[in-house]
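Dear colleague,

Please find below the structure that I am handing over to you. My account of what was found in it comes directly after.

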Amino acid sequence: MKVIKIDKEKWAGGVETLSGSYRLFGPVKEDDSHNFKELAKGELPDLNYGNTKMSPKSVVFPPSEAMFTYSLDETKEGHHILNDVKKDYSPRAVLGMRPCDAKAVALVRMNFDTKEYRDPYWMDAYEATTFVGLACDNPCATCFCTSTDCGPYHEEGLDVLLVDDGASYIAKALTEKGEKLLDAAGFKDAGDDSAVAAKKAAAEAKITATIETDKLSEKVIMDLYDAPFWKEVAFSCINCCTCTYACPTCWCFDIQDENKGLEGVRMRNWDSCMTPLFTMHGSGHNPREHKHQRVRQRFMHKLKYFVDKYQKGIMCVGCGRCVQQCPVNIDIRTVSKKMNDYVAAS
């Protein structure tokens with residue numbers, strides 16, 4: 001692992017150099033918040049931010065993505081045949097993502113890159129991307145990453161970790177992709193990471209919120225499924241889907257054909273388990289017709305099904321976005337405690 005010192009005075013020049021060989025994405029101020037977007041020529045990522053409303057998962061998993069085009073016009077050659085939409089998988093880099101969002105990408109990868117199937121759209125974009133993280137020295141009050149096997153200096157899923165050291169950044173190159181990016185930017189001055197451990201401990205000490213998950217793996221699925229508290233949890237939910245769209249580990253999608261006349265495009269779009277149509281069958285039957293069933297699915301998936309399937313902990317990185325943004329104050333930490341403490345009647 002290489003440690004590089006990046007003087008902040010040289011940062012803009014390095015980013016400008018990178019833009020010649022990478023598509024760059026980073027946090028940009030929009031009104032009263034920040035969000036990740038592709039950086040225009042000469043635009044710098046704004047690294048002075050707490051957290052973004054949306055995670056950078058859209059870099060590898062766009063909200064809407066064209067998969068195929070087709071024509072139903074029988075006078076045209078190749079009608080009724082799906083044609084691949086050309087994709088740009090040239091090198092790209094996310095600059096300044098939080099460590100929790102990087103771990104989220106690693107968790108989501110398990111769903112798109114399995115022994116049985118490799119999703120080409122997600123994986124090709126993922127493999128083209130270099131992930132440059134920014135350590136979080138001032139976590140939000142709603143952050144609980146340290147109790148989800150993560151943290152403000154977590155390195156999983158990152159190629160480079162940047163640590164703000166005042167007049168410079170300490171850059172830890174964690175992978176070959178990370179070293180290649182730093183070299184491409186012209187950042188080659190040897191650095192010293194001796195101060196990182198103390199800064200990491202100080203950042204972790206600022207996180208006081210936690211989520212209780214220690215007993216989830218031992219719970220019987222059907223006991224939790226039939227638990228009496230789901231209607232209470234779901235009572236205030238308005239099915240707005242904010243929690244799922246803001247969540248960096250939510251990955252559900254739908255595939256739809258969009259036609260105009262005899263021409264069409266097959267699209268992949270983000271979807272949400274919180275909508276009534278998510279599980280609607282062609283017959284009209286809906287196994288999750290009621291709101292509490294959909295709310296139960298969301299939390300059971302993140303806090304139980306994923307735990308049992310992968311033995312990798314919960315499908316949550318503690319970023320706190322759903323806590324911050326839920327308009328009716330449903331809190332995943334409260335729900336997890338209910339599940340963690342629940343004992344079925346004998």
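Predicted model: local features only at pLDDT ≥ 70, side-chain atom pairs only at ≥ 80, totals over all residues.

Residues are numbered from 1 along each chain as its sequence is written, and side-chain values use heavy atoms, with hydrogens and water left out.

Overall form

The chain contains 11 helices and 11 strands (DSSP runs numbered from the N terminus, helices being H or I of at least four residues and strands E of at least two). Its C-alpha trace spans about 65 × 65 × 40 Å along the principal axes.

Helix packing

Helix 2 (residues 99-112) packs against helix 3 (residues 120-127) at an angle of about 145°, their axes lying 10 Å apart. Axes here are lines fitted to C-alpha atoms, for helices over the stretch in contact, and angles run from 0 to 180 degrees between N-to-C directions. The crossing is left-handed (the near helix is turned anticlockwise from the far one by less than a right angle; clockwise would be right-handed). Helix 2 contributes Val-105, Val-108, Arg-109 and Phe-112 to the contact, and helix 3 contributes Trp-122, Met-123 and Tyr-126, where contact means heavy atoms within 4.5 Å. By class, this contact has 6 nonpolar, no polar and 1 charged residues (Ala, Val, Leu, Ile, Met, Phe, Trp, Tyr, Cys and Pro count as nonpolar, Asp, Glu, Lys and Arg as charged, and the others, Gly among them, as polar).

Helix 9 and helix 11 (residues 332-341) cross at roughly 65°, and their axes come within 11 Å. This crossing is right-handed. Phe-299, Met-300, Lys-302, Leu-303 and Lys-304 of helix 9 meet Ile-332, Val-335, Ser-336 and Met-339 of helix 11. The contact comprises 6 nonpolar, 1 polar and 2 charged residues.

Cavities and pockets

On a 1 Å grid over the protein atoms alone, a cavity is a set of points where a 1.4 Å probe fits but cannot get out, and a pocket is an open set with protein on both sides within 12 Å along at least five of seven lines; lining residues have an atom within 4 Å of a point. Grid points are joined across faces, edges and corners, and a volume is the space filled by probe spheres set on the points.

The whole structure holds 9 cavities of 30 Å³ or more. Of its 17 lining residues, Cys-237, Cys-243, Met-274, Cys-326 and Ile-330 lie nearest the centre. Helix 8 (242-246) and helix 9 (291-310) are the elements that give two or more residues to this lining, and helix 9 gives the most, with 3. The lining has 14 nonpolar, 2 polar and 1 charged residues.

The largest pocket holds about 240 Å³. Its lining includes Arg-98, Asp-137, Asp-164 and Tyr-169, and divides into 6 nonpolar, 3 polar and 3 charged residues.

With kind regards
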